[in-house]
Amino acid sequence: MGEMENPLRWSLVKIFIYGLLVAGLFAEEGEECHPAKTCGKCMTIHPMCSWCKDEGAVFPGPRCDLSANLERNRCINVTYEESNLTITMDMDLQEPAYSLDDEMIEPAIPIAPQHVDLNLRLGDKKTIDVRVLQVKDYPLDLYYLMDMSVSMDDDLENLKILGTDLAEEMKRITRSLALGFGLFVDKPVSPYISIAPDKIDSPCYGCQKTFSFRNRLSLNKNTSLFKEKVNSTQISGNQDIAEGTLDAIMQVAVCKKEIGWRENTRKLLLITSDGPFHVEGDGKLAGILRPNDGNCHLTEDEYADAHLYDYPSLGHLNEKLIYNNIIPIFAISDFGDLYEGVAQLLQGATYSELSSDSSNILQILASKYEEITGTIELAHSAVDGVELRISSECREGSDPVQPGDRPICTNVRHRDEILFQVEVKATRCVDQTFDIYPIGLDKRLTVHVKVACNCSCDFERQLNSTYCSDGSGDQVCGICQCKPGRYGDTCECTGDGEENQDQSQKDIFCKPDNVTKLLCSGKGECICGQCRCHQPSGKRQHEVVSGTYCECNNQDCPRDDGEVCGGSERGECVCAADGRTNECRCRPGYTGENCNCPTQTDTCRSSNGLLCNAAGNCVCGKCECGKGSKFSGPRCDKCLTCRDCDLHIGCVQCRLFNNTQHLSAKECDMCSQIIKNVTELPEGNVTESMCNFSDGYNCSIRFVYEKASNGTTIIYVKGDKDCAYSEKIVKGVQLHILIICIVSGIIVIGLILILMYRLYIWHLDQVEYKHFLEEKQKANWSQKTNPLYKKSEQKFINPMYGK
């Protein structure tokens with residue numbers, strides 16, 4: 001046990017730690033509890049929800065919340081229905097005690113505890129530690145059910161020989177043994193049997209009359225009677241290959257008194273056959289329409305009503321076998337696949353192949369009993385409303401049982417004690433009792449589970465409470481349940497007409513549409529047709545829920561650098577004008593969806609005073625240089641292929657020559673340089689600051705610049721331009737206009753030449769056509785016969801004509 005308890009202890013520690021983690025995550029939120037409007041509903045939402053039953057129309061937060069959050073909101077009367085497990089009967093495990101003559105004087109206790117009471121919250125779970133002892137010398141009831149159709153004749157003869165050996169073999173297994181013997185064939189009606197007069201009483205040579213099931217020997221500790229009954233048994237027969245096996249098993253299972261099943265025993269039912277079996281619905285062949293009722297119908301140890309009831313279904317049969325704790329063992333000589341499938345459908349059932357003459361029946365029985373006693377498998381009778389998950393470390397040599405696996409431990413020896421953890425989870429509001437038991441043993445653990453779906457204060461109703469607007473409702477668990485026509489926290493709201501009596505009509509103003517089910521988005525209460533939003537508590541108490549339907553939260557706006565609306569210095573998250581969406585309200589100096597865009601332009605101003613050097617746009621305090629521009633850098637004033645002169649050309653042109661080719665009038669006003677018009681440029685060391693550029697009209701402008709001690713740039717510009725053309729020729733004429741006129745003149749002259757060429761060609765065509773007409777009039781065609789022409793008719797003259 002020491003080796004087994006250690007891993008179990010670690011498993012329980014892991015489960016506990018996992019539970020704490022889950023509880024911690026839920027405790028950070030607690031929002032799942034908030035929609036509950038009553039204490040009873042609060043108890044069913046989540047196992048960790050609590051209810052505040054303090055009086056007060058305006059409670060600072062939801063009444064259904066985590067206990068810690070309610071206490072932070074200064075709730076005095078916190079109601080929390082706690083799940084608990086109480087063991088009401090826990091007797092020690094023990095083996096049976098026998099007298100000297102092998103009479104059991106004290107029954108075994110193979111399972112502990114024996115009775116448990118569970119009070120659970122909906123969705124909560126508790127674990128029961130179930131201990132099972134593999135008992136030695138556990139009392140055994142063995143009922144031998146044999147197919148008596150004519151094909152089993154040689155099997156019957158062998159059983160007569162092996163009867164004594166069978167009894168002796170089973171006595172070596174247990175000190176308390178009871179043997180029984182029964183026979184089955186099929187329903188004694190057509191078409192299962194022949195109704196010919198000579199076949200009814202004797203369906204075959206040497207056969208007895210056909211019967212459905214006959215109890216030849218009730219369970220008896222006198223094993224000599226077993227051999228006696230077997231020896232006096234006569235074979236029978238039926239018409240078809242299928243047998244009435246299920247009819248016989250049902251009667252053996254439900255006729256507890258007639259068969260002689262004892263209390264506190266392991267009950268085995270050994271079935272031998274060589275043919276298939278009839279199933280539910282086959283009775284229609286004989287006109288039997290009444291379903292099998294699962295009751296005992298033995299009269300003088302024979303199934304007398306077989307002709308009245310249909311065959312049972314496997315599901316119905318399994319239910320009765322489980323209820324009476326009977327384990328079937330199928331020893332079948334043919335149709336092995338069929339019975340192997342049946343064994344998988346019946347709880348605890350096993351299958352073995354029987355030899356054609358049943359000579360290996362002793363080996364089958366011994367091996368199956370050893371297999372049954374070498375395993376411990378738990379089963380339960382729980383129905384809807386609770387979920388069970390069973391796990392166990394089993395013992396060395398057996399695979400551990402994980403939740404969801406088949407709860408069976410193998411390689412179990414006598415006196416081994418196996419510990420199972422049975423986790424019971426409540427899924428519905430139920431009050432029921434079910435059993436947990438090891439398959440094949442009579443003793444069971446009875447579990448009574450009650451799921452709490454209301455609060456104790458629900459039964460402490462104050463009728464017509466003055467707190468509820470002078471008797472306009474009843475006070476229950478700190479809140480008011482209003483009378484018809486009144487609603488609100490204290491029933492302060494009234495409605496005229498029947499439609500206002502309907503809660504749905506009042507709630508329609510607290511949700512955006514009829515499709516939405518949650519009122520106030522599940523984050524508030526509908527009070528007099530308006531949403532009163534619950535404010536988060538605990539670690540989220542800095543949040544503010546607002547809006548028409550409580551859909552806004554001051555933490556749900558876009559973020560910048562991880563801060564909502566870029567932080568409190570840039571903006572704040574508010575509910576938009578529509579009352580349903582969040583938006584950032586930016587403070588002066590910032591704009592944008594998340595207030596990440598400064599409106600100031602100082603960071604974009606280059607050394608010449610221009611924004612982004614007039615080579616880009618200032619966006620959110622940063623320069624975006626134009627595509628294709630030769631300038632780059634944070635202020636678009638860096639150029640790898642330029643001189644510093646290029647920074648001043650635009651300002652010189654617009655300020656001194658009114659040329660807005662590079663800068664607009666607004667940009668020109670931003671120029672910060674001091675520009676002076678001089679007739680001669682200053683002399684001295686000005687090689688590095690000497691600048692020369694073209695104004696676009698084939699004129700050159702020269703200037704020099706220097707930086708004053710205060711950082712201001714001073715530009716000296718020679719006012720007279722150096723132009724390549726005489727002023728007489730281009731005075732007042734812009735160069736690009738002159739170029740356009742020349743190009744246009746060339747195009748016009750070309751078009752005129754093309755038009756003249758086309759007119760010349762047209763004139764030649766007219767002369768040629770006129771000449772053609774004159775020649776046509778002069779033509780004189782001769783009228784001669786074609787020498788190659790032959791007429792299509794020939795003329796012959798008879799030389800004898802006229803003679």
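**Entry 1: strands and sheets**

I began with strand S9 (residues 125-133) and strand S21 (residues 417-426), which pair in the antiparallel sense over nine bridges. Two strands count as paired if DSSP finds at least two bridges between them. Helices (H or I, at least four residues) and strands (E, at least two) are DSSP runs, numbered from the N terminus.

Before going on, I noted that this is a predicted model, in which local features need pLDDT of at least 70 and side-chain atom pairs count only at pLDDT 80 or more, while totals for chains, interfaces and linings use all residues. I also wrote down that residues are numbered from 1 along each chain as its sequence is written, and that side-chain values use heavy atoms, with hydrogens and water left out.

Which residue of S21 is the bridge partner of Arg-131? I found Leu-419 there. Next I traced the open sheet that holds these strands: four strands in the order S7-S9-S21-S19, with antiparallel pairing. Its edge strands are S7 (111-112) and S19, each pairing on one side only.

I then looked up an open sheet of three strands, ordered S2-S1-S3 and again with antiparallel pairing. Here strand S2 (64-66) and strand S3 (78-79) are the edges, each with pairing on one side only. Strand S1 (residues 49-52) joins S2 in the antiparallel sense over three bridges. Across that pairing, I saw Trp-51 opposite Cys-64 in S2.

**Entry 2: aromatic rings**

How many aromatic pairs does the structure hold? I noted seven. For this, rings of Phe, Tyr and Trp (its six-membered ring) pair if their centres lie within 6.5 Å; planes under 30 degrees apart count as stacked, over 60 as edge-to-face and the rest as tilted.

One of the pairs is Tyr-143 with Trp-261, which is tilted, at 6.4 Å centre to centre and 50 degrees between the planes. Tyr-143 lies in strand S10 (residues 140-147) and Trp-261 in the loop between helix H8 (256-259) and strand S13 (266-273), so the pair ties together parts that are 118 residues apart in sequence. I checked burial too (buried means under 20% relative accessible area, exposed over 50%, partly exposed in between, with a 1.4 Å probe and protein chains only). Tyr-143 is buried at 0%, and Trp-261 counts as buried at 7%.

Together with Tyr-144, they form one aromatic cluster.

**Entry 3: charges over rings**

I looked for charges over rings, where NZ of Lys or CZ of Arg is within 6 Å of the ring centre and within 35 degrees of the ring normal. Lys-187 lies over the face of Tyr-311, at 4.6 Å from the ring centre. Arg-444 lies over the face of Tyr-437, at 4.0 Å from the ring centre.

**Entry 4: salt bridges**

A salt bridge here is a side-chain nitrogen of Lys or Arg within 4 Å of a carboxyl oxygen of Asp or Glu. I wrote down a count of 18.

Among them is Asp-442 with Lys-267, the closest N and O atoms being 2.6 Å apart. Asp-442 sits in the loop between strand S22 (431-438) and strand S23 (445-452), and Lys-267 in strand S13, 175 residues apart. Is Asp-442 buried or exposed? I found Asp-442 buried, at 18%, and Lys-267 buried as well, at 3%.

Glu-377 and Arg-406 also meet in a salt bridge (3.0 Å, N to O). Glu-377 lies in strand S18 (residues 376-380) and Arg-406 in the loop between strand S19 (386-392) and strand S20 (408-409), so the pair ties together parts that are 29 residues apart in sequence. Glu-377 is buried at 15%, whereas Arg-406 is exposed at 55%.
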